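Please open the model in your viewer and keep the selection panel at hand. We will go from one stop to the next, with a note on what to select each time.

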Amino acid sequence: MIFLKAFLVGGLICACVQIFIDKTNWTPARIMVGIVCMGVVLSAIGVYQPIADFAGAGATVPLLGFGHNLWKGIKEAIDENGILGLFLGGFKASAVGISAALVFSYVFSHVFKSKMP
């Protein structure tokens, strides 16, 4: 059942973003930044955590989930370090995911001999 929940919620998030991409003339960079910021805002007001608890990876893997992860890290760091946590929390919470993305993209670029068009 967890797979069905993840598929439905993740698919709904991706479908909404795709509709937004198709209906606006925003650049992909602005859309991605907006989605991450929306994840932070939804987490800050307490809306996104219940969705993440319900859907698991279906809610935490998309960019909204990255924003949610940033918010959780910042919130925990502020509780531990005060105002300094505002600057430390996002790095601490997202370091593993960003590092993994960089390492895997580097490895796969060599394995598959990617070329610029």
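A crossing of two helices is called left-handed if the near helix is turned anticlockwise from the far one by less than a right angle, and right-handed if clockwise. Keep that in mind for the second stop. This is a predicted model, in which local features need pLDDT of at least 70 and side-chain atom pairs count only at pLDDT 80 or more, while totals for chains, interfaces and linings use all residues. Residues are numbered from 1 along each chain as its sequence is written, and side-chain values use heavy atoms, with hydrogens and water left out.

**The whole chain.** Start with a cartoon view: the protein chain has six helices and zero strands (DSSP runs numbered from the N terminus, H or I of at least four residues for helices, E of at least two for strands). Its C-alpha atoms fill a box of roughly 50 × 35 × 30 Å along the principal axes. Of the 117 residues, 23% are buried (under 20% relative accessible area; exposed is over 50% and partly exposed in between, with a 1.4 Å probe and protein chains only).

**Helix 3 and helix 5.** Now select residues 48-55, which are helix 3, and residues 63-81, which are helix 5. Their axes come within 11 Å and cross at roughly 120 degrees (lines fitted to C-alpha atoms over the stretch in contact, with angles from 0 to 180 degrees between N-to-C directions). Helix 3 and helix 5 are therefore oblique to each other; angles under 35 degrees count as roughly parallel, over 145 as roughly antiparallel, 65 to 115 as roughly perpendicular and the rest as oblique. The crossing of helix 3 and helix 5 is left-handed. Show side chains for Tyr48, Gln49 and Ala52 of helix 3 and for Leu64, Gly65, His68 and Lys72 of helix 5, which make the contact (heavy atoms within 4.5 Å).

**His68.** Which residues does His68 contact, leaving aside its neighbours within four places in sequence? Select Gly39, Val40, Ser43, Tyr48, Gln49 and Ala52 to see them. His68 counts as buried, at 5% relative accessibility.

**Lys92 and Glu80.** Finish at the one salt bridge in the structure (a side-chain nitrogen of Lys or Arg within 4 Å of a carboxyl oxygen of Asp or Glu). Here the side chains of Lys92 and Glu80 meet at 4.0 Å, N to O. Lys92 lies in helix 6 (residues 85-111) and Glu80 in helix 5, so the pair ties together parts that are 12 residues apart in sequence. Lys92 is exposed at 63% relative accessible area, and Glu80 is exposed at 57%.
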